[in-house]
Amino acid sequence: MRVQRRKNKLNKKNLKGGGGRTATTLQKVHKTFRYFGGKNKLVTPIVDIINKQADAYKYLYDKTPVLIEPFCGSAVISFNVPSHKFSKIIINDKSRAITSYFRCVKQNHISLIEKIEELSETFCRDKFYEYRDLLEEDNVEELTRAAMFFMVLNSSYLARADKGTTYALDLDGKDEEYEIEKIVDRAKKRIPANHFRMLNYNIVVENMDYKNLMDKYKDEDRIIYLDPPYAPETLQYKSSGGRSGTPKKAPYICSFTSEDIVDCINLLKEEKYIVCSFYDPKSLFNPEDKEYRSFDELERTERGFWKEM
């Protein structure tokens, strides 16, 4: 009855931040790393929505929820939410390179910087491709994997680390040695800041399939931020001859298909509170289905489901 009375009192003003109650203003985005498909330029509006969801959850259930990001990538959203509104933040990715990097940032950040400096001394085009192909292999020590990931990601075309990515530090007349120095400087600046953010935010790093993650934390009071890999149908490319087309595989270390997207939605659509920020072909969904709302309209369904189309 207590929850029901609170639900009856909750109105649109509560959810939209009326009177300044839930508004979030980021003075400066806390950056992790550039990543293909990352949301660095959309941090503020997405964090605003998550902030409102957290306020609604606290208001309705008088509990502080956990934030779970099943496909974290750069995890820039989790690093910028208001931490006091979550008991802990769980970031997960199936990529061993990504999760090794975040674990080392949290637990061993000084050694990680030193390892990046060590790799930078001999880094070149050949080393780029060697490291790229080792990122998900079993016989790579975690600290080395994390450092290789940082070097590959920051020296690749379009901030990618998959096996299809290419070296970019010597393109367009760039000074390769200077570009490598910038990567090391970036590590020295961002990694300590991210280390303390992870400690202060109580950020937990997981490395598993999202279905196993949801099962592991099934008993938590949770809000889910969902940003799965792009499906290939959503991407376009141009060949050297100017022809456009759709790639067979999206440029991620761990890719998704359109069928995977549908499976993910079907698994998670019963969640009480879920914020989505991804794009898929509209043909995948029934436009009259009220569960799939426009992210731009910021409309809230009964279960608090948000969708960007």
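Trainee: Is Lys 58 buried, exposed or partly exposed?
Mentor: Lys 58 counts as partly exposed, at 38% relative accessibility. The cut-offs are under 20% relative accessible area for buried, over 50% for exposed and partly exposed in between, with a 1.4 Å probe and protein chains only. Keep in mind that this is a predicted model, where local features need pLDDT of at least 70 and side-chain atom pairs count only at pLDDT 80 or more, while totals for chains, interfaces and linings use all residues. Residues are numbered from 1 along each chain as its sequence is written, and side-chain values use heavy atoms, with hydrogens and water left out.

Trainee: Which helix is Lys 58 in?
Mentor: Lys 58 sits in helix H3. Helices here are DSSP runs of H or I with at least four residues, strands are E runs of at least two, and both are numbered from the N terminus.

Trainee: What does H3 lie across?
Mentor: H3 (residues 43-61) lies across E1, strand E4 (222-226) and E7, and runs at about 165° to E4. Angles go from 0 to 180 degrees between N-to-C directions, using axes fitted to C-alpha atoms, for helices over the stretch in contact. Contact means heavy atoms within 4.5 Å.

Trainee: What about H4, which strands does that one lie across?
Mentor: Helix H4 (residues 96-107) lies across E2 and E3, at about 145° to E3.

Trainee: Okay, the sheet then. What's the strand order?
Mentor: E3-E2-E1-E4-E7, an open sheet of five strands with parallel pairing. Strands E3 (203-206) and E7 (274-276) are the edges, each pairing on one side only. Two strands pair if DSSP finds at least two bridges between them. Ignoring direction, neighbouring strands are turned by 20° against each other on average.

Trainee: How many bridges hold E1 and E2?
Mentor: Three bridges, in the parallel sense, between E1 (residues 66-69) and E2 (residues 89-92). Leu 67 stands opposite Ile 89 in E2.

Trainee: Switching to H5 and H7: how do they cross?
Mentor: The axes of H5 (residues 109-120) and H7 (residues 142-155) come within 9 Å and cross at roughly 60°. The two are therefore oblique to each other. On that scale, under 35 degrees is roughly parallel, over 145 roughly antiparallel, 65 to 115 roughly perpendicular and the rest oblique.

Trainee: Which residues make the contact?
Mentor: On H5, they include Leu 112, Ile 116 and Leu 119. On H7, Leu 143, Phe 150 and Met 151 are among them.

Trainee: Now Arg 132, buried or exposed?
Mentor: Arg 132 is buried, with a relative accessible area of 13%. Its place is in helix H6 (residues 125-134). Leaving out residues up to four places away in sequence, Arg 132 touches Val 152, Ala 161, Asp 162, Lys 163, Gly 164 and Thr 165.

Trainee: Last topic: what is the phi of Ala 75?
Mentor: Near 60°, a positive value in a residue other than glycine. Most residues other than glycine have a negative phi. Ala 75 is in the loop between E1 and E2, and at 1% relative accessibility it counts as buried.

Trainee: And what is the phi of Ala 159?
Mentor: About 55°, positive although Ala 159 is not a glycine. Ala 159 is found in the loop between H7 and helix H8 (176-200), and counts as buried at 2% relative accessibility.
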